[in-house]
Amino acid sequence: NLEIIFVGRSNVGKSSLLKELFGAKVRVGKRPGVTLRPTHARISDFLITDMPGFGFMSGVKDRKQDIVKDKTVHYIEDNAERIKIGVLVVDGPSFPEIVDRWDSRDQIPIDVEMFDFLREIGIDTIVAANKMDKVKADEYNDLLDEVAVRLGLEPPWQNWKHIIAPISAKKGDLKALKGLLRDRLHEMKRDDLF
Ligand code: GDP
């Protein structure tokens, strides 16, 4: 049993990404604040899991966001053995600013916390920096350096191309992420997912 989980703050484009990657095979729960449970799809031998979006949700109380986080952490701990890959989806262009805002309140941003947690428990983690279509060509590498720094990865970001995948779900540009997923699956001798 092999599982790939997709985690991310609400509104980062996780549903859009899953739709692009797996089409109608993955039912995407588009009810922020309502979907507290992970949604699953089985594709060949893989379990593809869409974790509920965490972080800010309009109209949702802080307490509920803590519940989402706790449930996510528990789910990952309980299933760590079969979770082979974790894809953390972030909103690339706004990620540095969001992290800094939390830092200024002496809080650990939930995305960074999740990144560290996934790696600590030994899950091979990819960060999909989505919405890169919003970034101008001449600012692209600088932004990705900023993303790397916020994740605790020393720039240049190109040194972390096995972890950071700049993508645009909206434009259907998922090359970087598909490449990384294929590499991982190939190592597992599983070339049947994409
Ligand atoms: P989720 O809450 O993480 O599942 O996010 P959604 O997939 O519902 O997307 C949230 C918003 O971001 C929607 O308005 C999408 O159209 C937009 N969005 C998603 N992916 C991209 C992207 O690659 N580029 C841009 N510019 N917008 C995106």
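Reply: K64 counts as partly exposed because its relative accessibility is 32%, where buried means under 20% relative accessible area, exposed over 50%, and partly exposed in between (1.4 Å probe, protein chains only). This residue belongs to helix α2; helices (H or I, at least four residues) and strands (E, at least two) are DSSP runs, numbered from the N terminus. Between the C-alpha atoms of K64 and G152, 88 residues apart along the chain, the separation is 28 Å.

The model is a predicted one, in which local features need pLDDT of at least 70 and side-chain atom pairs count only at pLDDT 80 or more, while totals for chains, interfaces and linings use all residues. Residues are numbered from 1 along each chain as its sequence is written, and side-chain values use heavy atoms, with hydrogens and water left out.

Along the principal axes, the C-alpha atoms fill a box of roughly 45 × 40 × 30 Å. Of the 194 residues, 49% are buried. Among contacts with a separation of 6 or more, 68% are made by residues 24 or more positions apart, a contact being heavy atoms within 4.5 Å. The accessible surface amounts to about 10,100 Å², with 47% of it belonging to carbon and sulfur atoms; such areas come from the Shrake-Rupley method with a 1.4 Å probe.

In soluble globular proteins, nonpolar side chains tend to be buried together. A nonpolar core, as the term is used here, is a set of buried Ala, Val, Leu, Ile, Met, Phe, Trp, Tyr and Cys residues joined through side-chain atoms within 4.5 Å. The largest such core has 34 residues, and within it I5, V7, I76, L88, L151 and I164 touch the most other members. Two or more of its residues are given by each of β1 (2–8), α2 (62–79), β4 (83–91), α3 (95–104), α4 (110–120), β5 (124–130) and α5 (140–150). With six residues, α4 supplies the largest share of this core.

An α-helix has 3.6 residues a turn, so residues three or four places apart point the same way. After α4 comes G122, which has a positive phi, near 85°.

Leaving out residues up to four places away in sequence, I164 touches V127, L144, A148, L151, L153, W157 and L180. W157 sits in the loop between α5 and β6 and is buried because its relative accessible area is 5%. Beyond its neighbours within four places in sequence, W157 is in contact with Y140, N141, L144, D145, A148, I164 and P166. The C-alpha atoms of W157 and I123, which are 34 residues apart along the chain, lie 21 Å from each other.

The loop between α5 and β6 (164–166) also holds P156, which is joined to P155 by a cis peptide bond with omega about 5°. Most residues other than glycine have a negative phi, and most peptide bonds are trans. W160 lies in the loop between α5 and β6 as well, but W160 counts as partly exposed because its relative accessibility is 23%. Not counting residues up to four places away in sequence, W160 touches L153 and E154. Its C-alpha atom is separated by 9.8 Å from that of D145, 15 residues away along the chain.
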